[in-house]
Amino acid sequence: MTDHADDLSPVSAVVVLAAGGGTRMKSKKATLLHEVSGKTMLSYAVSAAAALDPERLVVVVGHLRDQVAEHLETLSTTVSTAIQDQQLGTGHAVAAGLETLGELTGEVVVTYGDVPMLTGTTLRKLVAIHRAHNNGVTLLTAHVEEPTGYGRIIREGDKVVGIVEQADATEEQRAVKEINSGIYVFESELLRAGLEQLDTDNATGEHNLTDVVRFANERGDRVGSFVTDDVWQTEGVNDRVQLARINAEMNRRILDAWMLAGVTIVDPSSTWIDVDVDLAPDVVLMPGTILQGATTIGEDAVIGPDTTLMDVEVGAGAEVVRSHGSFAIIGEGATVGPFSYLRPGTQLGRRGKIGAFVETKNAVIGDGSKVPHLSYAGDAVIGEGVNIGAGTVFANYDGVNKSTTHVGDAAFVGSNSVLVAPVDIAPGGFVAAGSTVTEDVPAGGLAVARGRQHLAEGWVGKRRPGSKADEAAKSHDGKIHPAVAESRAKQKG
């Protein structure tokens, strides 16, 4: 019988169970708020549930409920919450969710908030199979090599007749490798009736949702299953070891997808890409690259090695080497690094350069402009074709206020200068090396703000007689070095 997952009509409700204590995570943060590939586990659960276009979507919260509820508000305005004050089992949690939903007809899908690899596509297939076979209950199951800890699927032929929890299973039942994922589709009337007859007469002493499957069989409702061949979609996360495993698998899949889409990843084992990152064809990612958040990389750009970018937009053909950036924009053909630090608000224009050991913050750097090395540019507006000399500091903070410095088009700032904001260097203005600029520089003007050089002839011979410096000085022929003479000649010319 063919399923119709592509043209599925909405389900009545989805209940996402998210009330667990998460004690094994040993964290002050709710387990479901820990991230996999840049998104919380709960966000994956809500996204997968939303793929069913449910009429109602409820998340059952309990442990650290305020954290979870606050996060849910950032994910969707259509998600409601139900409170499970005491964690008395999965059946008790679903009952709490149904109490919030009120009267229902049609299907109720039950999922978990800590199964981040479950997809909306899989849920749609599960519902389609449920409808195609007129099931009362349909389970998502999988075959695993090591089923310890999971509920086992008990069958009679192709019919699911029960689920036995690990603690209640016989030796023969424990050898079964088909496991229950805990993800179901129920007919709402059956679910309500089954929940009403739950008791705690089992090894866990809880109201187990699995007993509703037994109830369905006892009253003659058909119980079916969808066996997924992707066991990772049934994997939950209870501790940080499992979290690391899930992250690694998710990252592997993300990398594979990008490589198949035309991205070169030189060393997948040292490359991490969040799920919301977007890459163009012919991007090259060198070893040690980490791309986080909503980072986008244009075609032919080269990132890395040893580079971390979070929410950064990189233009086509740009290069970023051994650098860190966040909430920044890097223009087409621009170069960054090595050892650059682009803080939020940085905008580097086309063919611009932020070089070695440069830190920028809230800095707009125009097309073709360069901040090549050993500089700090904070709260700066730099025009096009500007050169900022090595060691320049944009002194943007006076201890109380942050102020802006403007450097106009084609201006030049000499090395080891300090620009004390707020100050304006007009287009074509020059700042002599070693200057501390506190006043505006007019267009085409030159600012020199430093003490005059004092020379003490013969100082070494008087104060350091017999030293290597004294010997070198005595052997000197008095001529200026040829390279310096050549440079002076070019300046005069």
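The model is a predicted one, in which local features need pLDDT of at least 70 and side-chain atom pairs count only at pLDDT 80 or more, whereas totals for chains, interfaces and linings use all residues. Residues are numbered from 1 along each chain as its sequence is written, and side-chain values use heavy atoms, with hydrogens and water left out.

Strand 1 also pairs with strand 4 (residues 56-61), in the parallel sense and over 6 bridges.

On a 1 Å grid over the protein atoms alone, a cavity is a set of points where a 1.4 Å probe fits but cannot get out, a pocket is an open set with protein on both sides within 12 Å along at least five of seven lines, and lining residues have an atom within 4 Å of a point. A search of the whole structure finds 1 cavity of 30 Å³ or more, and the volume of the largest cavity is about 40 Å³, a volume being the space filled by probe spheres set on grid points that are joined across faces, edges and corners. The lining of this cavity has 4 nonpolar, 3 polar and no charged residues, where Ala, Val, Leu, Ile, Met, Phe, Trp, Tyr, Cys and Pro count as nonpolar, Asp, Glu, Lys and Arg as charged, and the others, Gly among them, as polar.

The largest pocket has a volume of about 1,400 Å³. Of the 41 residues that line this pocket, Arg24, Thr90, Tyr112, Asp114 and Asn238 are the closest to its centre. Strand 1, helix 3 (90-101) and strand 10 (178-187) are the elements that give two or more residues to the lining of the largest pocket, and strand 10 gives the most, with 4 residues. By class, this lining has 13 nonpolar, 23 polar and 5 charged residues.

The second largest pocket has a volume of about 210 Å³, and of its 14 lining residues the closest to the centre are Tyr44, Pro116, Thr119, Met250 and Val275. Helix 1 (41-50) and helix 8 (240-260) each give two or more residues to this lining, the largest share, 3 residues, coming from helix 1. Lys39 lies over the face of Tyr44, at 5.1 Å from the ring centre; the criterion places NZ of Lys or CZ of Arg within 6 Å of the ring centre and within 35 degrees of the ring normal. Lys402 lies over the face of Tyr397, at 5.4 Å from the ring centre.

Across the whole structure, 3 aromatic pairs are found. Among them, the rings of Phe339 and Phe357 have their centres 5.1 Å apart and their planes at 20°, so the pair is stacked; rings of Phe, Tyr and Trp (its six-membered ring) pair if their centres lie within 6.5 Å, with planes under 30 degrees apart counted as stacked, over 60 as edge-to-face and the rest as tilted. Phe339 lies in the loop between strand 24 (335-336) and strand 25 (341-342), and Phe357 in the loop between strand 27 (353-356) and strand 28 (359-365), so the pair ties together parts that are 18 residues apart in sequence. Phe339 counts as partly exposed, at 44% relative accessibility.

The loop between strand 24 and strand 25 also holds Pro338, and the peptide bond from Gly337 to Pro338 is cis, with omega near 5°. Most peptide bonds are trans, and most residues other than glycine have a negative phi. Arg351, although not a glycine, has a positive phi of about 60°.

Methods. Two strands pair if DSSP finds at least two bridges between them. Buried means under 20% relative accessible area, exposed over 50%, partly exposed in between (1.4 Å probe, protein chains only).
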